[in-house]
Amino acid sequence: MGDLAKLADVVDLARSVPSESTQQAVGYPSLFLLVVFGSLVPVVPTGAVVSSAAVVAIHQTAPPLSLLVVFGVASLAAFSGDVMLYWLGRRGVASKNGSRWLERIHDHAAPERLDQAQARLEEHGVAVLVLSRLIPAGRIPVMLACLLARWPLRRFARGAAPAALAWAATYQLIGILGGSLFPEPWEGVAAAVVLTVVISTAPALWRRLRRRTAGDARSEAAG
């Protein structure tokens, strides 16, 4: 009976290890690709992706190591995506006919936010890049301001590196919070996704509400 119990334990261990190993082998490259893609095409909720990966990491056998890997992969992917997008944008600035990447960047930057980004960039320099990564929808206007100011790629990269680290740490903390509140990984993932979506959409909704309120006030004053 003792040998059979030991054999059963070995079988259970053999079943569990490949599952987690496979999850990591697929999950980390997927995390990297999704964050890079989301940096190039600003429609993917990359913050939710990082938070979800952090939730999964909490429930693995070695959470500190898994969280460290998630942080490293997310930071590297965010930095790589930002540098690639900036490089493509610089090609658009230098080209006579422009670039579709530059047009995409410009389409995601509201005129008033671009003006604010340019003013802050002139006043604070590279530090604005770090803050722009932490503010929802703040990355693109600041990146476009850097392009219009014709910053060299090396100068932009010096600000993009700490910005990527701060961004990855912030959304990983959101995932850790969500994962620690619920016993099941899927519950933590759902909570992290909802929280990141709320954080990313709340400022835009607030600005829209303010514009509508200001418009109604002007209409009443004119009437």
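Student: Why is R150 called exposed?

Tutor: The relative accessible area of R150 is 57%. Exposed means over 50%, buried means under 20%, and partly exposed is in between, with a 1.4 Å probe and protein chains only. The value of 57% is over the cut-off, so R150 counts as exposed. The model is predicted, so local features need pLDDT of at least 70, side-chain atom pairs count only at pLDDT 80 or more, and totals for chains, interfaces and linings use all residues. Residues are numbered from 1 along each chain as its sequence is written, and side-chain values use heavy atoms, with hydrogens and water left out.

Student: Where is R150, and what is its phi?

Tutor: R150 sits in the loop between helix 7 and helix 8. Helices (H or I, at least four residues) and strands (E, at least two) are DSSP runs, numbered from the N terminus. The phi of R150 is positive, about 60°, although R150 is not a glycine.

Student: What makes that worth a remark?

Tutor: Most residues other than glycine have a negative phi.

Student: Why is W151 called buried?

Tutor: W151 has a relative accessible area of 5%. That is under 20%, so W151 is buried. W151 also lies in the loop between helix 7 and helix 8.

Student: Which residues does W151 touch, not counting those up to four places away in sequence?

Tutor: They are Y86, R90, L121, G125, V126, L129, C146 and F156. Contact means heavy atoms within 4.5 Å. W151 and Y86 are 65 residues apart in sequence, and their C-alpha atoms are 9.8 Å apart in space. F156, leaving aside neighbours within four places in sequence, is in contact with D82, V83, Y86, L129, M143, C146 and W151.

Student: What makes a set of residues a nonpolar core?

Tutor: The members are buried Ala, Val, Leu, Ile, Met, Phe, Trp, Tyr and Cys residues joined through side-chain atoms within 4.5 Å. The largest such core here has 40 residues, of which L31, V35, V50, Y86, C146, F156 and W167 touch the most other members. Among the elements that give two or more residues to this core are helix 1 (2–40), helix 3 (63–94) and helix 8 (153–181). Helix 3 gives the largest share, nine residues.

Student: What makes helix 7 mostly covered?

Tutor: Nine of the 10 residues of helix 7 are buried. Among them are R139, P141 and C146.

Student: Why is V56 called partly exposed?

Tutor: V56, which lies in helix 2, has a relative accessible area of 25%. This falls between 20% and 50%, so V56 is partly exposed.

Student: How confident is the predictor in the chain?

Tutor: pLDDT is the predictor's confidence in each residue, from 0 to 100. The mean pLDDT of the chain is 74, and 59% of its residues reach 70 or more. Over residues 6–18 the pLDDT is below 50, and this stretch has one contact in the model beyond near neighbours in sequence.
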